[in-house]
Protein chains: 2
Amino acid sequence: MKAIVTVMLKNGVLDPQGEAVKSALGGLGFSGVNSVRQGKVIELDLAEGTDPAQIDEMCNRLLVNAVIESYQLDIA
Amino acid sequence: MKAIVTVMLKNGVLDPQGEAVKSALGGLGFSGVNSVRQGKVIELDLAEGTDPAQIDEMCNRLLVNAVIESYQLDIA
């Protein structure tokens, strides 16, 4: 069973990595880049039948900083 | 126009972050975690009509280290 957790900064939280990527793209001559947001994607290979509630608990206890981040869980 | 670039390490490349997350989950008492892979997701807000080939070039020149990483491009 595979679970994919996509973690992004909440809107309004400063994203220094995104800002750095945006200015670097500009420096390389790419135009038309309005904004860049960078997050992380975590692929979990879990035992079959793992309860989604347990995956949520993994997110809330370790994988996601709920103060500044939000996450999306996709189970494949 | 929004483009989402998901960058993961190629199979076979050691993923120290993934290993760290896996052992931390084990330490917190979560069982059934076979493996963990961690990558990054980059959301690009681009000018309408940006050519996908230009986004590929952004990936190959800056966003992705093609030696050890592969990427997936989704245009919304």
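This is a predicted model: local features need pLDDT of at least 70, side-chain atom pairs count only at pLDDT 80 or more; totals for chains, interfaces and linings use all residues.
Me: How does chain B lie on chain A, what turn and what RMSD?
Reply: A turn of 180° with a shift of 0.0 Å along the axis puts chain B on chain A at an RMSD of 0.0 Å (least-squares superposition on the C-alpha atoms of residues with pLDDT of at least 70 in both). That is how a two-fold axis relates copies. In chain B, the C-alpha nearest the axis belongs to B:Lys40, 2.1 Å from it.

Me: OK, helix H1 of chain B. Which residues are buried?
Reply: B:Gly18, B:Val21 and B:Leu25 (buried is under 20% relative accessible area, exposed over 50%, partly exposed in between, with a 1.4 Å probe and protein chains only). H1 covers residues 16-27 (helices are DSSP runs of H or I, at least four residues, and strands are E runs, at least two, numbered from the N terminus).

Me: And what do those pack against?
Reply: S2 and helix H2 (52-63) of chain A, together with strand S2 (33-46) of chain B. On the other side of H1(B), B:Pro16, B:Ser23 and B:Gly27 are exposed.

Me: Switching to A:Val33: buried or exposed?
Reply: Buried, at 13% relative accessible area. A:Val33 sits in strand S2 of chain A. Beyond neighbours within four places in sequence, its contacts include B:Asp45, B:Leu46 and B:Met58 (contact is heavy atoms within 4.5 Å).

How values were computed: Residues are numbered from 1 along each chain as its sequence is written. Chains are lettered from A and ligands numbered from 1 in the order in which they are written. Side-chain values use heavy atoms; hydrogens and water are left out. The expected span of a helix is 1.5 Å times one less than its number of residues.
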